[in-house]
Amino acid sequence: MVSTDSVIAVLCGGFSAEREVSLRSGKNCYEALQRLGYANTVLIDMDRTVACRLVDEKIEVVFLVLHGKYGEDGCIQGMLEILGIPYTGNRVMASALTMDKDMTKRILKEAGLPVVPSVTVYQNGKRSDDPSVCKTLQFPVMVKPAIEGSSIGMSKVDDFSKLSGALETASRHCSLILVEEFVTGKSVTVGVFERNGETVVTPILEFRTKTEWYDYEAKYTHGMTEFILPAELPEEVTEAIQKTTLKAHQIAGCTGLSRVDFVIDTENRFYILEINTIPGMTDLSDLPAQAKAMGVSYDELVECILQTAH
Ligand SMILES: Nc1ncnc2c1ncn2[C@@H]1O[C@H](COP(=O)(O)OP(=O)(O)O)[C@@H](O)[C@H]1O
Ligand SMILES: [Mg+2]
């Protein structure tokens, strides 16, 4: 149990492509912890000296608000395990697994959960299929780096002849590439967090975009995306998606919190795209909005996340 006397570090920033979002999230969480009475809280922008800094400042608990490489992929979690400092959210294995969309899908599929048909193409990687294998997929397809976020390096491809350009784009970000059938319909996300020792699933949030899909522009340009919360779906579909979210969270070994992204086709069949283990915490982010929709304020959400530290 973290107490108001605990020396807490909010770790944000770091070196990933999502650094700016993380800095904003970190500042918001830091301010919430101050309001909640955790007076011994410091805000740290992670750099290569972070281990020394945590030890020098006698940090007792780390509140993680890092995204992407080194922050969400098990690296910082492993370092904190070695330092023996309790930290919030997911452990090493769940973080590393879910950072890789290909591996995540393999595990979820094996457990019988719905994922979009895809093939894995390599540029230099080991898990390899020849691009011609993509001919087995129904076009259009979505081409995406297996390890990246914020829709970076992704493109929709309408037919096989245009595939190589998209593979080239994705390979600039990651040597392992997913070619996934494109699902026309809705894009939604569902949050999971722990409250009073219980794992709770949030209402479903739908992204309705002015662009063809939820790309980088739609994610980060004001007014490009409409947020529908809760998503307008039949009750049984809502329930099934929420149940699947919780299962995915458990199967991936997640602890404390996650956000699971889905696509839903025009006949309300749904598929998991990925699991995020450190969701954004800016005042405009998905998880705080989802928590609010179930009567949990931003500060209470931060308190819930803090108490997952062990
Ligand atoms: N197979 C797909 N079919 C349709 N839309 C997709 C597909 N894959 C991704 N998208 C769209 O792109 C967005 C980002 O994809 P996602 O796999 O969640 O990667 P990221 O890590 O960048 O968020 C999704 O929210 C969805 O709107
Ligand atoms: Mg996503």
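Glu-206 and Arg-208 are joined through their side chains by a salt bridge, with 3.1 Å from N to O. The term salt bridge here means a side-chain nitrogen of Lys or Arg within 4 Å of a carboxyl oxygen of Asp or Glu. Glu-206 is buried, at 2% relative accessibility, whereas Arg-208 is partly exposed, at 34%. Buried stands for under 20% relative accessible area, exposed for over 50%, and partly exposed for what lies in between, with a 1.4 Å probe and protein chains only.

Please note that this is a predicted model, in which local features need pLDDT of at least 70 and side-chain atom pairs count only at pLDDT 80 or more, while totals for chains, interfaces and linings use all residues. Side-chain values use heavy atoms, with hydrogens and water left out, and residues are numbered from 1 along each chain as its sequence is written.

Let me turn to a second pair. Arg-259 and Asp-261 form a salt bridge whose closest N and O atoms are 3.0 Å apart. Both Asp-261 and Arg-259 are buried.

Where do Lys-27 and Glu-31 lie? Both belong to helix α1, residues 19–35, and stand four residues apart, about one turn of the helix. Helices are DSSP runs of H or I with at least four residues, numbered from the N terminus. The side chains of Lys-27 and Glu-31 form a salt bridge, at 3.1 Å from N to O. Lys-27 is partly exposed, at 46% relative accessible area, and Glu-31 is partly exposed as well, at 30%.

Finally, a network of salt bridges links Lys-105, Lys-144 and Glu-180. The count of salt bridges by this rule is 19.

Definitions and conventions: Chains lettered and ligands numbered in written order. Helix = DSSP H or I, 4+ residues; strand = E, 2+ residues; numbered from the N terminus.
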